[in-house]
Amino acid sequence: MHIIGATALLRATRTSFHPSIARAVSTSSPFSPRSQSVAALRGFPSGSQAVKSLNTSSFAGDQFRFRSLLGFHHWNLNHGLRAHARSSAAVLSPVERKMSTMATENAFKHILTSLPKPGGGEFGKYYSLTALNDPRTDRLPYSVRILLESAIRNCDNFQVTKNDVEKILDWENTSPKQVEIPFKPARVILQDFTGVPAVVDLASMRDGIKRLGGDPNKINPLVPVDLVVDHSVQVDVARSENALLANMEFEFNRNRERFAFLKWGSSAFENMLVVPPGSGIVHQVNLEYLGRVVFNTNGLLYPDSVVGTDSHTTMIDGLGVAGWGVGGIEAEAAMLGQPMSMVLPGVVGFKLTGTLNNGVTATDLVLTVTQILRKHGVVGKFVEFYGDGMGELSLADRATIANMSPEYGATMGFFPVDHVTLQYLRLTGRSEETVKMIETYLRANKMFVDYNEPQIERTYSSYLELDLKSVLPCISGPKRPHDRVTLKEMKADWHACLDNKVGFKGFAILKEKQEKVVKFTYNGAPAELRHGDVVIAAITSCTNTSNPNVMLGAGLVAKKACELGLEVKPWIKTSLAPGSGVVTKYLKQSGLDKYLDQQGFQLVGYGCTTCIGNSGDLHESVSSAIAENDIVASAVLSGNRNFEGRVHPLTRANYLASPPLVVAYALAGTVDIDFETEPIGTGKDGKKVYFRDIWPSNEEIAEVVQSAVLPDMFKKTYETITKGNPMWNQLPVPTGTLYTWDPTSTYIHDPPYFKEMTMTPPGPHSVKDAYCLLNLGDSITTDHISPAGNIQKDSPAAKYLMERGVDRKDFNSYGSRRGNDEIMARGTFANIRLVNKLLNGEVGPKTIHIPTGEKLSVYDAAMRYKSAGQDTIVLAGAEYGSGSSRDWAAKGPMLQGVKAVISKSFERIHRSNLVGMGIIPLCFKSGEDAESLGLTGHERYTINVPNDITQLKPGQDITVTTDTGKSFTCVARFDTQVELEYFNHAGILPYVMRQLVGDQK
């Protein structure tokens, strides 16, 4: 799909903080997790231990607070970036300084309104959309109303203007025009894979700003930042009652240094809360605990909103909180108080009607929705759900659908707040006073949906409708989340995949080899494998483990199987990795945990595990049987990503399924089965057992959920979440505001981004006679560019580690070593499934060094080009950079010397990240690509870019020429004026650094 000019993403910075404001926000940021207000809004009683542990600052006498209560603009008072770049953008003119100090009064202070409490008094004040007296607000999608409120609240007619507010009010007419608006998220959320490099960058920026003569303490998160350590645990030990403790010990042994670094960051930086490992998955913790829905900051009420460094941040949209994934680079700028810019998105209205049939799960629904929306085309858009069917979906069901927004391509999958939301807030332990405040505010400000009242028809950019009764049980795979297959079609689809040529739905297994049986010995007992046999069955991922219906449904399947005498084969690696401790509490309360244990689904940890490739090793005998006989082995997991090479290097077929289906396929032992007609196994009475014999009804599940899921479970789990565990609490923590870098560390390394930086922006760069490092096809994911799985023993990263005395058993994963730029640069394009057209069909992390014709690892070839002073570019097809939002998928190519990527289209976050690292993103013109233009990748490429940033405009045509005489036009995917500013500064972080130093001077 070609998405030139598609509505897109958060991108850009408009302004920076005045030093005095920076100090004020640093201590009284909206809803700091360490403040008393955050504890209160989470439902903690005043004076409780939780409040004491979180409260570290007082707001008494704060002039900033006083001004905010009066309705003055209270985010940023310093200069904006509307103007074109100057020769030194870091220095303000006297006129600009005068303007920046004047531009403090909110242009909409007249609509600042008191919100009365039902019993007397007031909750606080808020900017009333009703008081605008503008009928257009009634027709706006709820998701756009959140953007409108933000613009009004921050409107100072300088950074955010009345014209910006008018653009949003007139959304129906302006959104098709790709207009740019400012947006200020209320907070930032991180996981440790992306959080570690973010904290590394912040620490390095402190050093850099000191070298430039500035104050290192200016580098400080100025909005609340929550970092949940959830990506480090691997399934090293499974099918054992000691798996949880054993895997945590492995996790700490591997990651002790990076955990200590994060612990240092939590004390060295303001407004940063680190949730220790072993607590849960970031998005489930966000949903159950961190999500505020409505902020009440010093008496000013406004909607919660969040950006996160994980693409599945969208899960919080199910709670009615506007949230989406951004690149780590953008998140770092947001942490530093930089307002973001976004193209005002179109909104797809998705109407839900009817009720799900018996036996159909939320996972079946989300896989269906994903397929529908992928077909419709929603890249860069919001999707807003509405209709009578909403009342039939639990909050957890909604969160499941919202979670997979990246898989269907939308920026958000938004569910406005209604009575179901309020019930969930009560269930998860939010106080009654908090819930009442949320409801009162949202009703008053036209952001609450009451389906008991007549609905005003809202306007959407396009419309879709789904009758929930039409949803069928299904799974998705074998290589992409949106390749949905109904259970009744699964057997036929599997055999078609065996027959088809290698591709997203094909393995090209010869007919005579499809029935091959490989016999081997497993722990001294005979075993066998066939194509399609399941070797990994994992109940994992926030997508599903946050949903009690499917988790308890899995327990009921296990229970029925145990009672009938079925057992999972011992060589299948089964695991249970829920997203919070609440899950284990309600499984135990229900008594179903023992049946999951009996089937091998013992608790292995609280984290992402198999969903992000942390599945651990298979048993050596199983690995050998697969590898030596070219078996297409299967993994079945309750995750959201199944790209090839992600789950495990040896599982070429990977299927996404609901937790109860994961158990069912584990019991069957294969995906080559028709559940309607073929038995899963033989029971203890000798009779055949079918799928229908072990599948629970909706009524059975509802009964268990009602009795087993209790509010007190959430309260007890989250009251202690910041207290850590003995392993975390015993970690030694470095002291000081500047980090002491260890040059021998293979986990934490001072990156090179700021070491040669000066106060003068380098300006735009052209690309001269560049070689093609890689010639890639469609759907190249961030997994291909920046792997998160294991470090292969013969890779450049492995060589680097072994040269520094690291044993192979201690390599850990790429994701865990994201704090070391040396390793991540070597890991860039190191995916074993990478298909590079320069290799003529050979698969793997290699390329051709064009000048010599040598076949080298991508890193070695890149370094050879770089040492010779030769630029490189990457050719690619459609949807380049799809998948998880990984900053290293942009940082790595930059460190390898890549100057530009030319593709048919980009995934929205990845395109933004390329801009953030100074790499030029170019799109072929519609209907053209490398193949149609006759490009082989053996040419040398010149990209002529004006050397004056004022001569560049967003979406400008750029001419590319080759040494073979070809010439073609591409679109420069700098989508906003502010992104051009980043390009002028060679990236977003150098830009921020120059702004901060310039402010001080």
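Residues are classed as buried under 20% relative accessible area, exposed over 50% and partly exposed in between (1.4 Å probe, protein chains only). The structure is a predicted model, in which local features need pLDDT of at least 70 and side-chain atom pairs count only at pLDDT 80 or more, whereas totals for chains, interfaces and linings use all residues. Residues are numbered from 1 along each chain as its sequence is written, and side-chain values use heavy atoms, with hydrogens and water left out.

By the buried criterion, C611 is buried, with a relative accessible area of 4%. C562 also counts as buried, at 12% relative accessibility. A search of the whole structure for disulfides (pairs of cysteine sulfur atoms within 2.5 Å) returned 0. For C611, the closest cysteine sulfur belongs to C608 and lies 6.7 Å away, which is too far for a bond.

Helices (H or I, at least four residues) and strands (E, at least two) are DSSP runs, numbered from the N terminus, and two strands pair if DSSP finds at least two bridges between them. An open sheet of 4 strands has the order β14-β13-β12-β15, with parallel pairing. From one strand to the next, the twist averages 20°. Strand β13 (residues 382–386) pairs with β14 in the parallel sense over 3 bridges, and E384 stands opposite F414 in β14.

Helix α14 (residues 362–376) lies across β12 (347–353), β13 and β15, and runs at about 150° to β15. Here contact means heavy atoms within 4.5 Å; axes are lines fitted to C-alpha atoms, for helices over the stretch in contact, and angles run from 0 to 180 degrees between N-to-C directions.
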